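Hi there,

Here is the structure I promised to pass on to you. Have a look at it first, and then read my notes below.

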Amino acid sequence: LIHPDDLAQVRAARLSLEEGQQELASAQMRIVCKDGHWEWVQQTWRALQRAEDGRLRRGAVLVQVITPMALATQALCNEAALNALSRMLVEE
């Protein structure tokens, strides 16, 4: 299952690929695992074959688990926010 906050972005990426607006689409999302924890993944879709009207007939998908990278990025964002808050408090 895809995290509800990520669903709109994933649908938009897939729809743009399926309707022929792009040949390559990518989305990062959180998915729930059997044990209930969330993993960050990046899915990249590529169109391989299209119908005459441009709609997707065949495609390929690459799924990469990016949880360590996503958590590191989130930690850096949190650290930057804490540093900014600390600076603001010191300045005040």
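Let's begin with Ser 16. Apart from its neighbours within four places in sequence, Ser 16 is in contact with Gln 21, Gln 22 and Ala 25. Please keep in mind that this is a predicted model.

Where does Ser 16 sit? You will find Ser 16 in helix α1, which covers residues 4-18. Is Ser 16 buried or exposed? Ser 16 counts as buried because its relative accessibility is 6%, and the cut-off for buried is under 20%. A polar atom of the Ser 16 side chain also lies 2.8 Å from the backbone oxygen of Ala 13.

Next, the strands. Strand β1 (residues 24-32) and strand β2 (residues 38-50) run antiparallel, and 9 bridges join them. For one of the pairings, look at Met 29, whose bridge partner in β2 is Val 41.

Finally, the core. Which residues make up the largest nonpolar core? There are 9 in all: Val 10, Ala 13, Leu 17, Ala 25, Ala 27, Met 29, Val 41, Trp 45 and Ala 47. Helix α1 and strands β1 and β2 are the elements that give two or more residues to this core. Ala 47, one of the core residues, is in contact with Leu 17, Glu 23, Leu 56, Arg 58 and Gly 59, leaving aside its neighbours within four places in sequence.

Happy exploring, and write back with any questions!

Best wishes

Key: Residues are numbered from 1 along each chain as its sequence is written. This is a predicted model: local features need pLDDT of at least 70, side-chain atom pairs count only at pLDDT 80 or more; totals for chains, interfaces and linings use all residues. Side-chain values use heavy atoms; hydrogens and water are left out. Two strands pair if DSSP finds at least two bridges between them. Helices (H or I, at least four residues) and strands (E, at least two) are DSSP runs, numbered from the N terminus. Buried means under 20% relative accessible area, exposed over 50%, partly exposed in between (1.4 Å probe, protein chains only). A polar contact is a pair of N or O atoms within 3.5 Å; within protein, one must be able to donate a hydrogen and the other to accept it, and residues adjacent in sequence count only if both atoms are side-chain atoms. Contact means heavy atoms within 4.5 Å. A nonpolar core is a set of buried Ala, Val, Leu, Ile, Met, Phe, Trp, Tyr and Cys residues joined through side-chain atoms within 4.5 Å.
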